[in-house]
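Let's take a walk through this chain together. Have the fold open beside you as you read.

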Amino acid sequence: MKKSIGISPNIETLFGTRDENVRVLEDGLNITIDLRSNGIELEGAARDVARAEQVFADYESLQKSGYSFNNGDLNSMLRVLTADSSATLRGLADAGKQRSLGRRMVQPKSVNQRRYVEAIETHDMVFGIGPAGTGKTYLAVAMAISALLAKRVNRIILARPAVEAGERLGFLPGTLQDKIDPYLRPLYDALYDMLDPEKVDRYLEKNVIEIAPIAFMRGRTLNDSFVILDEAQNTTSEQMKMFVTRLGFNSKAVITGDITQIDLPNARRSGLLEAIDILKRVEGLTFVHFDESDVVRHHLVQRIIRAYDEHKTHVAEQQMLLLAGGRSGESGVRNTEAKSSAADTNDRSTASGE
């Protein structure tokens, strides 16, 4: 099917740098888009052409209403839109408006990020599990700040296990806060990225935002709070059970972690791994899993994560082959020993005249 649509003012901004947004639409919707002197020609299946036409109509409508796209948001929205047939450009833009934090507008950049944000809005406890750079912590902090500014909660509590990433830093100088701050720095970074530094400092001073190691959570009941546990793969089984039972009335909890980066001495005792198995059927909470396609850091990060996953799979396959070879070798040895034993028995029988 072919269809021509008119050219609206400033439509070239939809195409993006070197037509990158057009390529996203063409690849995602399996259509071709051709800019002519008298209009834009769309070619493909009727349903896909209709979706592309809706994108152009939504973009024109958003522009007329004064909406502006920043920092690659349009490209991200188009990627979500092409991956999710229920999504529209206007719907994604309006959702971003609802989550605006003043300095930042929270805009999911992949389908899984969108599911994650929607899960946080609709569930009291959400587990975000996936590799580095997929926005698990950043989006959770953004949703917490949004809830605080909208007065849906009275405070934000950010917790993290104080576990070194394969290093032993020894005794750190300063007060207790000075000692634990290095472990909690990523949470500070997210806060300062979304709010004015003065406002963050004021919230921290008044304990409206509290950042603490998970060890400080024991014995507390957290009401009217948005609670985030970051790097949950480094919690022990006991710590995870303690944390998920802290939730009080009118509170939300988000637990984030990467099960491929466990820094505990015994990785099998990770509280996150156990929670995935134990809580997967509990009503009222949900799990959102990310993969390398959700990485929003440098494009090399996606490739690096993919390479590590492929290496891990290759090593596992090699180990299986070695085990299989070992078993067949042991079986061969046993068969040889059995034959030898039988031959010895026959020789003895012949020698004794039996």
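Buried here means under 20% relative accessible area, exposed means over 50%, and partly exposed is in between (1.4 Å probe, protein chains only). By that scale E210 is buried, with a relative accessible area of 17%.

A word on where the values come from. This is a predicted model, in which local features need pLDDT of at least 70 and side-chain atom pairs count only at pLDDT 80 or more, while totals for chains, interfaces and linings use all residues. Residues are numbered from 1 along each chain as its sequence is written, and side-chain values use heavy atoms, with hydrogens and water left out.

**Overall picture.** The chain has 354 residues, and 42% of them count as buried. Its secondary structure comes to 12 helices and 9 strands; these are DSSP runs numbered from the N terminus (helices H or I, at least four residues; strands E, at least two).

**The open sheet.** Three strands form an open sheet in the order β1-β3-β2, with antiparallel pairing; two strands pair if DSSP finds at least two bridges between them. At the edges are β1 (2–5) and β2 (32–36), each pairing on one side only. Between β2 and β3 (residues 39–43) there are 5 bridges, and I33 has L42 in β3 as its bridge partner.

**Salt bridges.** The count comes to 8 salt bridges, each a side-chain nitrogen of Lys or Arg within 4 Å of a carboxyl oxygen of Asp or Glu. Three of them are listed here.

| Pair | N to O distance |
|---|---|
| E53 and K3 | 3.1 Å |
| R114 and D84 | 2.6 Å |
| E210 and R220 | 2.8 Å |

E53 sits in helix α3 and K3 in strand β1, 50 residues apart, so this pair links distant parts of the chain. Both ends keep some accessibility: E53 is partly exposed at 26%, and K3 is partly exposed at 31%.R114 and D84, in contrast, are buried. R114 lies in helix α6 (residues 111–122) and D84 in the loop between α4 (73–83) and α5 (89–98), so this pair ties together parts that are 30 residues apart in sequence. Salt bridges that share partners also join D84, R114 and E118 into one network.

R220 is partly exposed, with a relative accessible area of 21%.
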